[in-house]
Amino acid sequence: MAMDPRLHGYLTRALCHEMAAVQQYMAQSKLCDLWGMAEYCSHFRQDVIEELGHVESLMEALIKLGVTPNATQLPAVRLGRSMEEMFAIDRVLEVEAVRLYEEAAAYCWRVRDDGHHALFSKILRDELQHLDELDKLSASLLTKEKRCA
Ligand SMILES: [Fe+2]
Ligand SMILES: [Fe+2]
């Protein structure tokens, strides 16, 4: 059966997003480490592990379709100059992921591709969770800043 080009497009865009997220969060975890902020360093390290899990699932799906996984278009890493700026930058990345997986899952639902619908929906749930965690971290940062003021 011929490969569905739209499905191929979604899987490849998703792979690029996940590789970019791994690179971004790994770099931010290192920066937090250098700033002596162990709490945030471990948050980013955990994110790297979860985004790597997404990379693995997407690579598996591509290989099963007979396609070599290849993330060739990675957006530039943006570190941020403060925790507040980091969380704002990462929020944009996670919102983009949510939009991508919503669109990909809706497409697979329309063409009755249950397997890939399940894959995109599972990753979508994780990305919504990441967004929620980011919002909680940003809120706790604001509370800490108020206490210090
Ligand atoms: Fe992800
Ligand atoms: Fe994420």
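**Exercise 1: The cavity**

A search of the whole structure finds 1 cavity of 30 Å³ or more. A cavity is a set of points on a 1 Å grid over the protein atoms alone where a 1.4 Å probe fits but cannot get out, and its lining residues have an atom within 4 Å of a point. The model is predicted: local features need pLDDT of at least 70, side-chain atom pairs count only at pLDDT 80 or more, and totals for chains, interfaces and linings use all residues. Residues are numbered from 1 along each chain as its sequence is written, ligands are numbered from 1 in the order in which they are written, and side-chain values use heavy atoms, without hydrogens and water.

Task: State how much space lies in the largest cavity and which residues line it.

Solution. Step 1: the largest cavity holds about 40 Å³ of space.
Step 1: its lining includes Tyr-25, Asp-90, Glu-94 and His-130.

**Exercise 2: The iron site**

Task: Identify the protein donors (N, O and S atoms within 2.8 Å of the metal) of the iron ion (ligand 2).

Solution. Step 1: Glu-51 (OE), Glu-94 (OE), Glu-94 (OE), Glu-127 (OE) and His-130 (ND1) lie 2.0 to 2.3 Å from the iron ion (ligand 2).
Step 1: along the chain, these donors follow the spacing E-x42-E-x32-E-x2-H.
Step 2: Glu-51 also bridges to the iron ion (ligand 1), and the two ions lie 3.7 Å apart.

Conventions. Donors are N, O and S atoms within 2.8 Å of the metal (3.2 Å for Na, K and Ca); water is not among the atoms, so sites may look incomplete. On a 1 Å grid over the protein atoms alone, a cavity is a set of points where a 1.4 Å probe fits but cannot get out, and a pocket is an open set with protein on both sides within 12 Å along at least five of seven lines; lining residues have an atom within 4 Å of a point. Grid points are joined across faces, edges and corners, and a volume is the space filled by probe spheres set on the points.
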